[in-house]
Amino acid sequence: MIDGRRVIAWTPYGRVRTYSILIKYLERDVARGLVDEVWAFMNTDPVGQEDDIAYAHELAEQHDWFHLKHRPEGINLGRLPKQRYTGLAYRYMVDPDAIYVRLDDDVIYLHDDAIENLVRARIEMPAPIAVFPVIVNNAICSHFLQACGKVPMEWGEVKAYCMDPTGWANGPFAVKMHELLLSHIEASTVEDLYLYQDFPLQPGTQFSVSCFASRGEDYAALPKPGVLVPDEEESWHTVHQPLATGRPNILRGDAVVSHWSFFPQHPFLNGTDLLDRYRELADKVVA
């Protein structure tokens with residue numbers, strides 16, 4: 001718990017390759033008393049992802065704080081990509097006393113203070129729909145990191161747009177961003193990447209939702225508790241609901257996490273040893 005609020009870290013789960021790194025940080029933060037439960041919302045295909053599914057079940061058997069959540073029964077969204085089903089997860093998130101921390105299954109680093117600082121910001125600032133950390137390899141975060149002099153303009157300018165051609169689609173830029181963070185982790189200077197302030201995100205600004213903190217009371221207060229309308233979670237949290245309420249989301253400057261890859265970056269990142277370096281660091285936090 002943090003400041004008397006239960007903290008539930010949850011993930012739209014599907015990939016053991018990267019989640020096996022993230023879980024080490026979550027295990028660390030459970031042991032530190034910062035996270036009460038970890039949920040894997042099973043967004044997997046029964047055929048072709050047998051190993052991914054088996055790994056999640058192994059974690060559930062090993063840890064009493066790790067729980068599997070499944071798509072609610074009786075809901076048919078039609079012939080949609082499975083990414084569209086992640087919005088159904090919020091039907092489980094109606095505890096008004098809980099803070100929920102959403103993490104993509106390819107978030108592969110959580111700074112020591114990331115969860116605590118992010119959750120405290122969520123508690124202290126009740127107005128936003130979502131409070132985001134500084135996400136390394138997120139276009140809008142890269143834009144603000146450049147504005148604060150943390151990322152060289154010579155790498156390519158990043159605009160404040162979630163699918164900016166440099167910050168979202170440029171593989172060599174993503175490689176440089178991960179190398180930058182890893183150099184700070186290895187030098188114990190991650191705090192140098194903190195932003196000098198929190199930044200409001202204008203209502204209607206689409207933001208890649210790789211990681212954010214939200215409040216159960218917001219979902220509980222919906223006309224149908226936990227039912228997002230529209231049901232696409234990124235649109236609801238970053239476009240629809242901020243516009244409907246007139247409340248900007250917040251980018252918190254003192255919480256740092258790392259997101260592995262957007263699909264245009266895959267060929268460049270997969271040809272490096274960067275994920276192995278992240279895995280080595282994760283192994284040390286629970287050694």
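Me: Between which two helices does the loop holding Pro230 lie?

Reply: Pro230 sits in the loop between α6 (216-220) and α7 (233-245). Keep in mind as we go that this is a predicted model.

Me: How should I read the backbone there: is the peptide bond from Val229 to Pro230 cis or trans?

Reply: Start with the general idea: most peptide bonds are trans, and most residues other than glycine have a negative phi. Here, the bond from Val229 to Pro230 is cis, with omega near 5 degrees.

Me: Which phi does Asp3 have, and where is Asp3 found?

Reply: Asp3 is not a glycine, yet its phi is positive, at about 50 degrees. You will find Asp3 in the segment before β1 (6-13). Asp3 is partly exposed, with a relative accessible area of 47%.

Me: And Asn137: is that residue buried or exposed?

Reply: Asn137 is buried, its relative accessible area being 0%. Its phi is also positive, about 70 degrees, although Asn137 is not a glycine. Look for Asn137 in the loop between β6 (131-136) and α4 (139-147).

Me: Let's turn to cysteines. How many disulfides does a search of the whole structure find?

Reply: A disulfide is a covalent bond between the sulfur atoms of two cysteines. The search of the whole structure finds zero. Cys141, for instance, is in no disulfide, and the nearest cysteine sulfur, that of Cys211, is 9.5 Å away. For comparison, the cut-off for a disulfide is a pair of sulfur atoms within 2.5 Å. Cys148 is in no disulfide either; the nearest cysteine sulfur to Cys148 belongs to Cys141, 11 Å away.

Me: Are Cys141 and Cys148 buried or exposed?

Reply: Cys141 is buried, with 1% relative accessible area. Cys148, at 16%, also counts as buried.

Me: Now for pockets. How much space lies in the largest pocket?

Reply: The idea is that rolling a probe the size of a water molecule over the atoms shows where empty space is left. In this structure the largest pocket holds about 890 Å³ of space. It is lined by 30 residues, and the closest to its centre are Arg15, Gln83, Arg102, Asp104 and Phe262. Both β1 and α7 supply at least two residues each to this lining. By class, the lining has nine nonpolar, 11 polar and 10 charged residues.

Me: Which helix gives the most to the lining of the second largest pocket?

Reply: That is α9 (residues 274-285), with three residues. This second largest pocket has a volume of about 160 Å³. Its lining includes Tyr25, Tyr109, His111, Leu281, Lys284 and Val285. By class, six of the lining residues are nonpolar, three polar and three charged.

Technical notes
Residues are numbered from 1 along each chain as its sequence is written. This is a predicted model: local features need pLDDT of at least 70, side-chain atom pairs count only at pLDDT 80 or more; totals for chains, interfaces and linings use all residues. Side-chain values use heavy atoms; hydrogens and water are left out. Buried means under 20% relative accessible area, exposed over 50%, partly exposed in between (1.4 Å probe, protein chains only). Helices (H or I, at least four residues) and strands (E, at least two) are DSSP runs, numbered from the N terminus. On a 1 Å grid over the protein atoms alone, a cavity is a set of points where a 1.4 Å probe fits but cannot get out, and a pocket is an open set with protein on both sides within 12 Å along at least five of seven lines; lining residues have an atom within 4 Å of a point. Grid points are joined across faces, edges and corners, and a volume is the space filled by probe spheres set on the points. Ala, Val, Leu, Ile, Met, Phe, Trp, Tyr, Cys and Pro count as nonpolar, Asp, Glu, Lys and Arg as charged, and the others, Gly among them, as polar.
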